[in-house]
Amino acid sequence: MDLHDAYVLLNWSAGELSTRFQRVPGSQILLRYIKSSYQNDPVRSVVELCLFLFAVRYLLAPRYSTTQKGAVELTEDEIDELVEDWTPEPLVPGLTEVEQAENEKRPVIVGPTGPKVKLSNGRTVNNFASYNFFNFVSNELLKDRAVQVLRNYGVGACGPPNFYGTQDVHMDTERDIAKFLGMPACIIYAQAFSTISSVIPAFSKRGDIIVADKAVNFAIQKGLQISRSTIRWYEHNDMEDLGRVLEQVKRDMARKPLTRRFIVTEGLFENTGDIVDLPAIIELKQRYKYRLILDESYSFGVLGRTGRGVTEHQNVDPQSVEMLVGSLAHGICSGGGFCAGSPEVVDHQRISSSAYVFSAALPAMLAVTTSETLKLLEGNPQVLTALRENIKAFRNQMDRCEYVECTSSLDNPVCMFILKRDGLEGRIFGNEEKILMDIVDEALANSVMISRVKHIYETQGTKPFGWRCVPSFKACITIGHTKKEVEKAGSVVRQAVGKVMARLKK
Amino acid sequence: MSDAAHGRRRRSSSLIYTEPPETIEQQSDQAALPNLNASWVNSKGAWTIHVVLIIALKIFYDTMPGVSQETSWTLTNISYMAGSYLMFHWVQGIPFEFNAGAYDNLNMWEQIDNGDQYTPTKKFLLTVPIVLFLMSTHYTHYDLTYFIINCLAVLAVVIPKLPSSHRMRVGLFTVPEE
């Protein structure tokens with residue numbers, strides 16, 4: 001009978017299976033475990049079995065990546081073909097017409113720089129294009145001192161400050177700058193540009209909030225980008241807008257964990273030449289509990305009765321600025337930068353500010369030149385008065401020019417001029433760089449060297465970062481020229497502007 | 001700091017929320033240095049320490065006077081589960097300043113093996129609590145109360161390890177960070 005045969009076969013195979021199973025080592029333990037675990041509680045056993053089966057399934061599943069979804073598998077030939085087809089974009093875009101023309105006409109200085117320089121074409125011109133405000137470049141005393149230090153210490157420090165780059169002169173200079181500013185402590189960096197772009201990321205990290213002026217210079221923009229912080233912009237020098245942004249941040253962050261918060265701005269703006277309203281910012285920062293990072297690259301040594309910067313100029317206690325960053329390469333005519341603040345602020349940077357940790361220290365002669373220059377400034381406050389006289393003389397000449405206006409503060413030796421739009425809107429628009437270049441060339445032809453302001457525009461992803469500056473040209477006033485020479489230069493520039501604009505009107 | 005700019009948009013009403021993919025900037029920061037916070041789980045001895053810790057916990061609870069075998073197993077189980085939940089699923093980010101905070105939104109389980117699923121380490125780390133649970137129910141002699149406690153503990157560490165809970169956040173009482 002079929003049914004009977006099947007029954008026998010089933011019985012036999014069941015018996016065979018069970019004997020085979022019992023021969024497997026450990027099977028007795030498993031049986032005992034299953035028997036004892038059942039315990040007349042099927043629900044619990046099912047839960048355990050499910051968990052066990054889930055674990056087995058998890059162990060057998062193949063690995064996969066959650067980040068690289070849908071990557072197409074390509075054969076070797078297809079890869080070769082794609083490589084063949086690929087034309088790389090140029091690393092830098094080609095030169096524009098204006099840039100091409102500029103490269104051809106760029107003046108080259110032969111010999112040392114100073115108020116009067118010799119160009120490679122043999123002509124001697126008045127230099128209004130260097131940040132040599134007090135003519136420290138031609139100061140024999142500083143030169144002698146630098147040479148003396150060079151003979152004793154050699155050229156470079158040859159190591160980062162934390163290894164063996166720090167020399168006694170560096171510590172002296174740090175003390176001198178702190179004393180000069182009236183700050184408790186100071187740290188010096190080897191390069192002016194990397195000072196602010198390293199100080200910002202040393203304090204502000206991802207998740208922290210930075211409220212910054214829209215017109216901050218390129219070095220600050222770099223620092224803001226590297227810090228990975230959340231950046232909120234306020235309109236240039238608009239204290240009402242700053243208040244609005246701070247209020248907005250306060251509202252947004254009301255129920256969130258506390259983060260570090262900073263306001264970042266400049267003393268004298270590199271891009272516009274105007275001056276910050278420090279008392280208003282201090283008031284706002286105290287009300288909303290922010291820290292202030294102030295870049296005094298252009299105002300240190302220039303503003304104030306004795307050149308102590310924008311804090312002295314606007315009668316603000318320098319210690320109410322948490323991180324006061326400045327440059328020794330502009331007005332001081334030496335090299336490097338510094339950050340002054342409380343001892344905690346300074347000591348934090350010594351191990352966590354990348355430009356300080358990873359760059360070789362400032363050459364000893366530049367450190368000494370800085371100290372000597374500060375002494376000179378302290379001893380001769382009349383150089384500041386002389387500089388302001390010269391600025392006034394130049395601006396008086398330029399004020400008579402109907403085509404341009406100066407955006408710089410009255411005390412700023414870097415006078416920045418933008419074209420007035422009225423009446424010539426159509427002709428100026430889109431053509432400004434060319435017009436400004438013609439003005440600069442025309443002035444140079446009459447022995448006054450000024451320069452057009454050049455910008456690099458940053459993007460973050462596809463969005464522009466920072467703001468687009470109005471094209472401008474600038475003249476840097478120095479006390480190396482007599483008042484007559486400055487007036488003459490002012491009238492030359494004014495006539496150059498007039499000539500170019502008259503040509504444009506035709 | 002707009003939501004769109006950061007790609008972390010979320011409706012305030014939803015309880016469950018998935019961490020969006022990182023921006024290019026975050027990805028490059030993550031790749032800047034090896035993630036030492038997560039890579040150690042693949043190194044020598046990192047697997048053994050789980051077994052060693054469990055045995056140590058068991059011995060510790062056994063030496064405490066007045067603790068029965070059942071309680072001792074349950075306590076061992078709960079301690080291990082609580083510890084591993086805290087370590088792998090609760091704490092986010094990296095305690096060191098290596099990647100400029102680019103991992104701040106991810107817990108350690110999501111950082112392991114760059115978020116890949118079913119890797120050998122993840123398989124091991126999931127098996128350990130399940131085996132420990134089966135052992136502790138066995139040695140608590142299948143008492144229902146102990147079983148429920150142990151079962152809840154194991155679910156608390158198994159569910160967040162599932163591939164479908166990857167980058168998922170449940171916010172009952174907390175306002176999510178933007």
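The side chains of A:Arg503 and A:Glu442 form a salt bridge, with 3.9 Å from N to O. A:Arg503 belongs to helix 20 (residues 483-505) of chain A and A:Glu442 to helix 19 (residues 432-445) of chain A, so the pair ties together parts that are 61 residues apart in sequence. A:Arg503 is partly exposed, with a relative accessible area of 46%, whereas A:Glu442, at 15% relative accessibility, counts as buried. The model discussed here is predicted.

Over all chains, the structure holds 34 salt bridges.

| Pair | N to O distance |
|---|---|
| A:Arg503 and A:Glu442 | 3.9 Å |
| A:Glu102 and A:Lys454 | 3.4 Å |
| A:Asp347 and A:Arg350 | 3.8 Å |

The salt bridge between A:Glu102 and A:Lys454 links distant parts of the chain, 352 residues apart: A:Glu102 lies in helix 5 (residues 97-105) of chain A, and A:Lys454 in the loop between strand 14 (451-452) and strand 15 (458-460) of chain A. A:Glu102 counts as buried, at 13% relative accessibility. A network of salt bridges links A:Glu102, A:Arg106, A:Glu433, A:Arg452 and A:Lys454.

A:Asp347 and A:Arg350 both lie in helix 14 (residues 343-352) of chain A, three residues apart, about one turn of the helix. A:Asp347 is partly exposed at 46%, and A:Arg350 is partly exposed at 22% relative accessibility.

In chain B, the buried residues of helix 2 (residues 24-31) are B:Gln26, B:Asp29 and B:Gln30. Seen down the axis of helix 2 of chain B, these buried residues fall within an arc of 100 degrees, so they line one face of the helix. On the other side of this helix, B:Ile24 and B:Ala31 are exposed.

Note on methods
Residues numbered from 1 in each chain as written. Chains lettered and ligands numbered in written order. Predicted model: local features only at pLDDT ≥ 70, side-chain atom pairs only at ≥ 80, totals over all residues. Heavy atoms only, no water. Buried < 20%, exposed > 50% of the residue type's maximum accessible area, 1.4 Å probe, protein only. Helix = DSSP H or I, 4+ residues; strand = E, 2+ residues; numbered from the N terminus. Arc of directions from axis to C-beta. Salt bridge = Lys/Arg side-chain N within 4 Å of Asp/Glu carboxyl O.
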